[in-house]
Amino acid sequence: MRSWLHLMNMIMLSFALRRSISTLPHLCQRIKQTENEIVQMFRLPSPENEAPDFAFNRKLPKKNPSVRTLDQRFIRILKIFKWGPDAEKALEVLKLKVDQRLVREVLMIDVEINVKIQFFKWAGKRRNFEHDSTTYMTLIHCLDEAGVVGEMWKTIQEMVRSTCVIGPAELSEIVRTLGKAKMVNKALSIFYQIKSRKCKPTASTYNTIILMLMQEGHHEKVHELYNEMCNEGNCLPDTVTYSALVSTYSKLGRHDSAIRLFEEMKENGLQPTSKIYTTLIEIYFKLGKTETALGLVQEMKGKGCSPTVFTYTELIKGIGKAGRVEDAYGIFMNMLKEGSKPDVVLVNNMINILGKAGRLEDALKLFNEMKSWQCVPNVVTYNTVIKALFDSKAPISEASLWFEKMKADGVVPSSFTYSILIDGFCKTNRVEKALLLLEEMDEKGFPPCPAAYCSLINSLGKAKRYEAASELFQELKENCGCSSARAYAVMIKLFGKCGNLSRAVDLFNEMKKLGCNPDVYTYNALMSGMVRAGMIDEAHSLLRTMEENGCDPDLNSHNIILNGLARRGGPKRAMEMLTKMKNSKIKPVVISYNTVLGCLSRAGMFEEAAKLMKEMKARDFEYDLITYSSILEAVGKIDEDHNHTTF
């Protein structure tokens with residue numbers, strides 16, 4: 001009893017010292033109230049007091065029915081006085097043994113994180129007590145939840161240095177926690193420290209660190225961990241490992257490695273998940289192997305692995321890109337018949353495919369049915385519909401109505417929404433309306449959108465409003481600090497067309513000085529301007545420079561030079577260029593052959609022209625109007641020369 005009274009006196013004295021005693025009546029009353037509360041904390045429960053709590057107390061051991069109550073008293077002391085001498089004394093009076101269980105329970109109390117840290121450090125200094133992995137992990141979780149990253153890292157380091165046993169489960173949890181805190185390098189460091197001194201990682205441990213590396217974008221390191229895992233001997237990759245690796249290789253564009261791992265896991269008797277199948281289906285579509293991708297869908301169904309909404313999204317997207325619109329639509333409708341419900345991403349893809357194919361009615365029908373699938377249209381849905389309206393040459397008023405409907409439905413337009421509208425209005429010669437939208441975009445606080453500016457600059461250039469186009473380009477540079485390569489390409493093309501090649505070259509050099517690397521469109525724009533100005537050799541030289549600088553020319557690049565050579569360089573150089581194209585990755589198309597055919601015809605080289613036409617036929621290139629007009633032009637010229645000779 002004396003110890004109780006001594007503790008009470010100590011607490012009351014401490015409490016009095018921590019508060020300034022005031023003569024104000026309301027403060028005195030509050031202090032007395034607090035004193036009474038503290039006294040009540042240490043009053044042993046009477047039978048009457050226990051009765052209302054009978055439902056809880058009947059679960060406690062009969063020998064000590066007040067244990068739980070004493071714990072609650074300590075918790076209240078801890079909440080009021082934090083950690084310090086008062087709380088320490090309470091532990092002694094309550095005869096609470098300081099062991100790992102008590103430490104874990106105290107750390108789980110809803111008190112400030114600093115109180116937990118102080119208590120943890122105090123407990124670690126007690127005689128006959130050592131923290132184990134459970135107490136360390138409990139504090140690490142508390143620090144993680146509180147966002148006290150620095151102290152969490154110190155605690156993890158202390159845990160590794162201590163003598164406590166760290167198992168694979170704890171190692172996995174530490175790695176996961178550090179990964180969540182974006183401390184990837186520290187997670188790897190701890191992994192290797194514990195691996196070398198404390199425990200052998202399991203497949204689950206490796207999976208945890210591989211998934212962490214994936215989430216943080218450290219894809220190259222994943223392959224290294226996989227090799228380590230295989231070299232462990234007793235640690236074999238499982239389905240989770242293969243899923244992570246296949247996904248990683250897909251993101252890195254290492255499709256062959258992903259396919260090899262897919263086959264390897266099946267050889268090892270592991271069943272691929274729907275996620276793995278979906279990733280492989282996506283890969284095969286990217287490689288242009290449509291039938292192989294479709295075969296995988298049948299394989300997964302045959303193995304009892306049901307396609308998910310993500311599988312259907314990749315399937316429909318891939319078939320749509322392959323130009324098989326009807327097949328994509330059929331798969332979507334069959335999916336609905338089978339009872340599967342699409343999500344908004346899948347519907348957006350299907351609307352996009354139908355819109356690009358000119359099937360506007362079907363696209364709008366899908367939009368109207370979205371509610372029945374509990375699928376809420378988002379900003380991408382509306383953007384896709386508006387773009388489909390422009391692509392299908394629908395009345396401009398329709399696009400404007402959908403823009404208003406979008407806002408009325410509570411969907412906030414994005415910068416891409418405005419970009420689609422501006423581009424659509426520019427293509428239909430409604431430049432003034434597009435300029436008004438650009439102003440509205442600025443008023444709404446959207447950052448300058450290079451795509452929108454490019455559409456306007458291009459339209460103003462076509463209308464020969466060069467000053468207005470230059471002003472917009474300058475505005476884009478001022479607002480963005482610099483401009484995009486595409487915007488420079490549009491301006492360079494504009495100056496090339498209007499015969500101001502020196503200004504085009506100046507812009508090309510300016511963008512390089514600003515650190516804006518020219519892309520294929522920029523090079524093409526300048527080469528086109530050079531060809532127009534009769535600077536064929538300079539344009540041809542720029543093509544070589546482009547390749548040397550690591551910018552891969554496209555078909556248009558070669559056709560620009562081919563056209564220049566055919567017009568100014570003569571048939572021999574044009575034929576050489578065509579031969580070079582045939583031997584390169586970028587093969588000539590109908591327009592390439594027609595360009596050279598016209599050159600040969602104008603030069604009266606009909607035998608060579610006939611050979612070229614046979615070659616076109618062998619390549620299944622149909623003669624178009626350009627080809628026929630080239631031949632007729634040449635024949636007409638010969639007849640004219642023949643008539644002159646006769647006279």
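# Reading helix pairs, cysteines and a buried isoleucine

Guide: This model is predicted. The disulfide count comes to 0.

Visitor: How should I read that count, and how many disulfides are there by this rule?

Guide: A disulfide needs a pair of cysteine sulfur atoms within 2.5 Å. By this rule the count is 0 disulfides.

Visitor: Now helix pairs. At what angle do α29 and α30 pack?

Guide: Take the angle between the N-to-C directions of the axes. Helix α29 covers residues 485-497, and helix α30 covers residues 501-513. They pack at about 165°, with axes 7 Å apart. Angles over 145 degrees count as roughly antiparallel, so α29 is roughly antiparallel to α30. The crossing of α29 past α30 is left-handed.

Visitor: Which residues make the contact between α29 and α30?

Guide: From α29 come Ala485, Tyr488, Met491, Ile492, Phe495 and Gly496. From α30 come Leu501, Arg503, Ala504, Leu507, Phe508, Glu510 and Met511. By class, that contact divides into 10 nonpolar, 1 polar and 2 charged residues.

Visitor: And how do I read α19 and α20? At what angle do their axes cross?

Guide: Use the angle again. Helix α19 spans residues 309-321, and helix α20 spans residues 325-337. Their axes cross at roughly 160° and come within 8 Å. The two helices are therefore roughly antiparallel to each other. Their crossing is left-handed.

Visitor: Which residues of α19 and α20 meet?

Guide: On the α19 side, they are Tyr312, Leu315, Ile316, Ile319 and Gly320. On the α20 side, they are Asp327, Ala328, Ile331, Phe332 and Met335. The contact of α19 with α20 holds 8 nonpolar, 1 polar and 1 charged residues.

Visitor: Let us take a single residue. Where is Ile422, and is Ile422 buried or exposed?

Guide: Start with the element, then the accessibility. Ile422 sits in helix α25, residues 415-427. Its relative accessibility is 0%, so Ile422 counts as buried.

Visitor: Which residues does Ile422 touch, leaving out those up to four places away in sequence?

Guide: Look for contacts beyond the sequence neighbours. Ile422 touches Ala434, Leu437, Leu438, Met441, Ala452, Ser455 and Leu456, with residues up to four places away in sequence not counted.

Methods
Residues are numbered from 1 along each chain as its sequence is written. This is a predicted model: local features need pLDDT of at least 70, side-chain atom pairs count only at pLDDT 80 or more; totals for chains, interfaces and linings use all residues. Side-chain values use heavy atoms; hydrogens and water are left out. Axes are lines fitted to C-alpha atoms, for helices over the stretch in contact, and angles run from 0 to 180 degrees between N-to-C directions. Helices (H or I, at least four residues) and strands (E, at least two) are DSSP runs, numbered from the N terminus. Angles under 35 degrees count as roughly parallel, over 145 as roughly antiparallel, 65 to 115 as roughly perpendicular and the rest as oblique. A crossing is left-handed if the near helix is turned anticlockwise from the far one by less than a right angle, and right-handed if clockwise. Contact means heavy atoms within 4.5 Å. Ala, Val, Leu, Ile, Met, Phe, Trp, Tyr, Cys and Pro count as nonpolar, Asp, Glu, Lys and Arg as charged, and the others, Gly among them, as polar. Buried means under 20% relative accessible area, exposed over 50%, partly exposed in between (1.4 Å probe, protein chains only).
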